[in-house]
Amino acid sequence: MTSQDVILGMLMKKSLSGYDMKHLLESVFSYFYNASYGTIYPTLSKMEKEGLITKESVQQDGRPNKKVYSITEEGRERFRTYMYSPIQLNEFKSDAMIRLYFGEFIEPEVVISYLELGIQRTEETLVVLKSDYEKHKHSISSTQEICLLIGIENNESVLGTLGRGLERLRKLLPEKR
């Protein structure tokens, strides 16, 4: 999966501006895909040169013109090729997990602070995912619903594991007098 595959998929439904795509990546796709403006715009430029998308400048009242991208037939074919290609293994990278793994080399209080931060961030993510699910559950496809539910259930599981780990580590600390 590349940024190109994700962008083509977004454009299969309707034409979008780069800003609209970034918003989708920060909301709908944020649980399982990450891309920045620095990735989106060079990818759009490359895709346009390859004939996978077209760009139209749309005038807006009192604002700069908006560039709206649409998928071409060649882009649709490329997206279909991606969808029928073998599924790649999931990739998971986490700074927090690396720090936890090597936590034996630092003070337990620091590791505890990592766990507390992880709990806070996971709770925040869970609130957003549950809100998105409630807001969109009647307007999304069954496959989109599955993605949201996986996100919710994975975060609930992580939250439980972090909480139990935090409790275990706190028990190992000497009593403060």
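Predicted model: local features only at pLDDT ≥ 70, side-chain atom pairs only at ≥ 80, totals over all residues.
Helices here are DSSP runs of H or I with at least four residues, numbered from the N terminus.

**Thr43 and its surroundings**

Is Thr43 buried or exposed? Its relative accessibility is 15%, and buried means under 20%, so Thr43 counts as buried. Setting aside neighbours within four places in sequence, Thr43 is in contact with Ser3, Gln4 and Ile7. Helix H1 spans residues 3-13.

**The sheet and the helix across it**

Helix H1 lies across E1, E2 and E3, and runs at about 95 degrees to E3. These strands make up an open sheet of 3 strands in the order E1-E3-E2, with antiparallel pairing. Strand E1 (16-17) and strand E2 (53-60) are at the edges with a single partner strand each, so each has one side left without a neighbour in the sheet. E1 and strand E3 (residues 63-71) run antiparallel and are joined by 2 bridges. Which residue of E3 is the bridge partner of Leu16? That partner is Tyr69.

The UniProt record, an unreviewed entry, places the feature "domain: Transcription regulator PadR N-terminal" at residues 7-80. Over residues 7-80, the chain is 50% helix and 26% strand, with the end C-alpha atoms 13 Å apart.

**Aromatic rings**

A pair of aromatic rings is described by the distance of the centres and the angle of the planes.

| Pair | Centre to centre | Angle between planes | Geometry |
|---|---|---|---|
| Phe29 and Phe32 | 5.8 Å | 70 degrees | edge-to-face |
| Phe79 and Tyr82 | 6.1 Å | 45 degrees | tilted |

In the edge-to-face pair with Phe29, Phe32 is partly exposed, at a relative accessible area of 41%.

Why is the pair of Phe79 and Tyr82 tilted? Planes under 30 degrees apart count as stacked and over 60 as edge-to-face, so the 45 degrees between these rings makes the pair tilted. Phe79 and Tyr82 are 3 residues apart in helix H4 (residues 73-84), and so about one helical turn separates them. Phe79 counts as buried at 14% relative accessibility, whereas Tyr82 is partly exposed, with a relative accessible area of 27%.

Finally, Tyr101, Phe102 and Phe105 form one aromatic cluster.

How values were computed
Residues numbered from 1 in each chain as written. Heavy atoms only, no water. Phe/Tyr/Trp six-rings, centres within 6.5 Å; stacked < 30°, edge-to-face > 60°. Buried < 20%, exposed > 50% of the residue type's maximum accessible area, 1.4 Å probe, protein only. UniProt positions renumbered as here; feature names shortened; annotations may be inferred. Pairing = 2+ DSSP bridges. Contact = heavy atoms within 4.5 Å. Axes fitted to C-alpha atoms, helices over the stretch in contact; angles between N-to-C directions.
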